[in-house]
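This briefing looks at how the parts of one protein chain meet, and at a few side-chain pairs within the chain. Please keep the sequence and the structure in view while reading.

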Amino acid sequence: MRRITHFIAGEAYSANTSRTSDVFDPSTGQVQAQVELADAAVLSQAVQNAVAAQRSWAAMNPQRRARVMFRFKELIESNMDELAHLLSSEHGKVIADSKGDIQRGLEVVEFACGIPHLLKGEYTEGAGPGIDVYSTRQPLGVVAGITPFNFPAMIPLWMAAPAIACGNAFILKPSERDPSVPMRLAELAMEAGLPEGILNVVHGDKEIVDAILDHPDIKAVSFVGSSDIANYVYGRGAQNGKRVQCMGGAKNHGIILPDADLDQAVADIIGAAYGSAGERCMALPVVTPVGDAVAEELRKRLVKEIASLRVGIATDPDAHYGPVVGAAHKARIENYIQMAADEGAEIVVDGRGFSLQGYEDGYFLAPTLIDHVKPDMKSYQDEIFGPVLQILRAQTLEEALSYPTRHQYGNGVAIFTRNGDAARQFASQVEVGMVGINVPIPVPVAYHSFGGWKRSGFGDLDQYGMDGVRFYTRTKKITQRWPSGGAVIDQSFVIPTMA
Ligand code: NAD
């Protein structure tokens, strides 16, 4: 059985422990590897190496750090096929979607190539008599990232690329369910010329997460995952004096106004609801048509489109989506479908009980469509994270606006309309962090920043873009005066002013 170890000081690192976790191939349901689960001693080893390496990495001029990022980008591109197959084999998403996962991470590496420009500080000449003020951005030291299973390339790169480019050393704790792509990325970073100890990967569960949160030499922690754990990580990390940002779960709504281009909206919603088996934090698992006429027409078209969807193994080039990540997760999704029925919603298309010939042990679920969902249903309030689309009908724009606004999550939302005034009003008023106008999955590009509101985001700063640079640096503000041959300034016991 293949064994996945940690990656410390530029090479594979095994603690020869018996504490391991099975890594499955979701398409077959078979165990394909075992990943070691780290304890505090493994983390100490990683942090020690990171501390030793970080100072000289930070002292290297930013242009040289950027050159490593350029080479890293090229290596990811030239290894795209291998990375995508590895990713699909552990996650279950189809190859084209794995390439999208890697590509969105790659774009953050591209952004990090601009680090010399991004780190430039501010300067005021003559802030007072003979006085100049400037500010610089300095790295924090050793920082860590804890990432979820659903984007094993993109999310580690969201964090690691800006953190490293800013001059930090990075400890990555990826999901133990699909640990191989983060390992390959670390190897490629070494090949790109990153010094040993600057990017380390430690695998594990709660034990290693707690060790990260308690380690005094880790100055900042970035987390992406489910909300209860995000909240816990935020609290414990902040309690220990660290800078923390935590992105949590989601329940994104797609609002359809009567004047929307329905052909386009249906195509967008089908892709956003069922793509990657619904295991995206920016999926659209709720659609809110405004008015009964739109609702009826939408439902009819969704049913027709769903009938043509192909669920297949991750390497099936014709499959629209693959299996969900694991047996427990599949059972959890099925329970939510049952809960919706018990709560009085109508199961229009039931994806349970689907079996793929030749892959009967794979974790497949056919698409599910649920209508007449009500806002007080638990199956609506919770994140399901599977190929399940819920129709929550509204009669007015105001009512439609109120649903994502009142929901506990506030990650993404999309509105489909030709009415600019309505779209503008909606975008301005909705209490959600990322808004799409006729765009179903409004993940901001790498040079903006990503982050949700309410229980989808804990902390002040978002991921990547300028917020990524802000998160992984601290500003130093310098006020300077140089002798200019003038008279000695008298001692003063009054707070200095520039008056
Ligand atoms: P998860 O919360 O189970 O795991 C995330 C990370 O936390 C993993 O590295 C895991 O090992 C670790 N972890 C698990 N249990 C822990 C515990 N008890 N204590 C400390 N750490 C623990 O999430 P997941 O199932 O891997 O990913 C899916 C979730 O992530 C969904 O809720 C999804 O919405 C969310 N997500 C959010 C975003 C976003 O940007 N808002 C992006 C992607 C995924």
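This is a predicted model: local features need pLDDT of at least 70, side-chain atom pairs count only at pLDDT 80 or more; totals for chains, interfaces and linings use all residues.

Across the interface of domain 1 and domain 2, eight residue pairs are found in polar contact, with both residues of each pair at pLDDT 80 or more.

**The side of domain 1 that touches domain 2**
- Two elements, α3 (80-91) and α4 (95-112), each give two or more residues to the side of domain 1 that touches domain 2.
- Of the elements, α3 gives the most to this side, with four residues.
- Sorted by kind, the residues on this side of domain 1 comprise six nonpolar, eleven polar and four charged.

**The two domains and their interface**
- The domain assignment divides the protein chain into domain 1, made up of 2-248 + 456-478, and domain 2, which covers 253-437.
- The C-alpha centres of domain 1 and domain 2 are 31 Å apart, and 21 residues of domain 1 are in contact with 23 residues of domain 2.
- The size of an interface is often given as the accessible area lost when the parts come together.
- Between them, domain 1 and domain 2 bury about 1,800 Å², with 58% of this area on carbon and sulfur atoms.
- Ser 27, Val 94 and Ser 456 together supply 29% of the area that domain 1 buries against domain 2, which is more than any other three residues supply.
- One salt bridge is found across the interface of domain 1 and domain 2.

**Salt bridges in the whole structure**
- A search of the whole structure finds 28 salt bridges.

**Aromatic pairs**
- A search of the whole structure finds eight aromatic pairs.
- Tyr 123 and Tyr 134 form a stacked pair, 5.8 Å centre to centre, with 15 degrees between the planes.
- Because Tyr 123 lies in strand β6 (residues 122-128) and Tyr 134 in strand β7 (residues 131-139), the pair ties together parts that are eleven residues apart in sequence.

How values were computed: Residues are numbered from 1 along each chain as its sequence is written. Side-chain values use heavy atoms; hydrogens and water are left out. Domain bounds come from an automatic or database domain assignment. Contact means heavy atoms within 4.5 Å. Buried area is the accessible area (1.4 Å probe) that two parts lose on being put together, summed over both. A salt bridge is a side-chain nitrogen of Lys or Arg within 4 Å of a carboxyl oxygen of Asp or Glu. A polar contact is a pair of N or O atoms within 3.5 Å; within protein, one must be able to donate a hydrogen and the other to accept it, and residues adjacent in sequence count only if both atoms are side-chain atoms. Ala, Val, Leu, Ile, Met, Phe, Trp, Tyr, Cys and Pro count as nonpolar, Asp, Glu, Lys and Arg as charged, and the others, Gly among them, as polar. Rings of Phe, Tyr and Trp (its six-membered ring) pair if their centres lie within 6.5 Å; planes under 30 degrees apart count as stacked, over 60 as edge-to-face and the rest as tilted.
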